[in-house]
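Q: I have a structure open here and would like to talk it through. Could you help me read it?

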Amino acid sequence: MFITPAYAQAAAPGAGDFLGMILPLVLIMGVFYFLLIRPQQRKMKAHQEMLKKVGKGDTVITSGGLIGKVVKVVDDNELQVEVGENVKVRILRTGIADVRAKGEPVKSE
């Protein structure tokens with residue numbers, strides 16, 4: 001029933017497992033960053049650059065699915081888009097989902 005000095009002075013059994021618990025979490029975070037977060041940031045940055053370059057004469061697709069031609073750049077945030085014969089709407093740049101074609105500037109009337 002005597003406890004030997006070797007057992008009495010031994011470290012707690014779970015002390016060395018801290019690194020074993022943290023390392024998989026760090027690896028999972030790394031995988032998430034490189035496979036999910038980083039590509040999404042690149043895509044968002046490319047979309048922002050595309051929105052900055054939208055100009056008069058471009059054919060655009062709005063978030064709502066309308067396809068039209070940019071007739072006028074109202075200001076930094078708004079565009080006037082012709083979606084049909086003499087049907088012009090004002091939309092926000094952030095409402096543009098894609099630019100289909102860079103076109104010739106529309107002649108002002």
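**Strands, core and a buried arginine**

A: Gladly, and since this is a predicted model, everything below describes the prediction; a place to begin is strand β3, residues 78–84, which runs antiparallel to β4 and is joined to it by six bridges.

Q: Which residue in β4 is the bridge partner of Glu-78?

A: The bridge partner of Glu-78 is Leu-92 in β4.

Q: OK, and in what order do the strands sit in the sheet?

A: The sheet is an open one of five strands, with antiparallel pairing, and the order across it is β4-β3-β2-β1-β5. Because β4 (87–92) and β5 (96–101) each have a single partner strand, they stand at the edges, and one side of each is left without a neighbour in the sheet. On average, and ignoring direction, neighbouring strands of this sheet are turned by 45° against each other.

Q: What else is in the chain, helices and strands together?

A: There are two helices along with the five strands, and reading along the sequence gives the pattern α-α-β-β-β-β-β.

Q: Switching topic, which residues make up the largest nonpolar core?

A: The largest nonpolar core has ten residues, namely Met-50, Leu-51, Val-54, Val-60, Val-70, Leu-79, Val-81, Ile-91, Ile-96 and Val-99. At least two residues of this core come from each of α2 (17–53), β3 and β5.

Q: And how much of the chain counts as buried?

A: Of the 109 residues in the chain, 17% count as buried. The chain exposes about 9,000 Å², of which carbon and sulfur atoms supply 62%.

Q: Now Arg-93: where is it, and is it buried or exposed?

A: Arg-93 is found in the loop between β4 and β5, and it counts as buried because its relative accessibility is 13%, below the cut-off of 20%.

Q: What is Arg-93 in contact with, leaving aside its neighbours within four places in sequence?

A: With those neighbours left aside, Arg-93 is in contact with Leu-51, Lys-52, Val-54, Val-73, Asp-75, Asp-76, Asn-77 and Leu-79.

Q: Which backbone oxygens lie by a polar atom of its side chain?

A: Among them are the backbone oxygen of Asp-76, which lies 2.8 Å from a polar atom of the Arg-93 side chain, and the backbone oxygen of Val-54, for which the separation from a polar atom of that side chain is 3.3 Å.

Note on methods: Residues numbered from 1 in each chain as written. Predicted model: local features only at pLDDT ≥ 70, side-chain atom pairs only at ≥ 80, totals over all residues. Heavy atoms only, no water. Pairing = 2+ DSSP bridges. Helix = DSSP H or I, 4+ residues; strand = E, 2+ residues; numbered from the N terminus. Axes fitted to C-alpha atoms, helices over the stretch in contact; angles between N-to-C directions. Core = buried A, V, L, I, M, F, W, Y, C linked by side-chain atoms within 4.5 Å. Buried < 20%, exposed > 50% of the residue type's maximum accessible area, 1.4 Å probe, protein only. Contact = heavy atoms within 4.5 Å. Polar contact = N/O pair within 3.5 Å; in protein donor to acceptor, adjacent residues only side chain to side chain. Areas by Shrake-Rupley, 256 points an atom, 1.4 Å probe, with all protein chains shown as cover.
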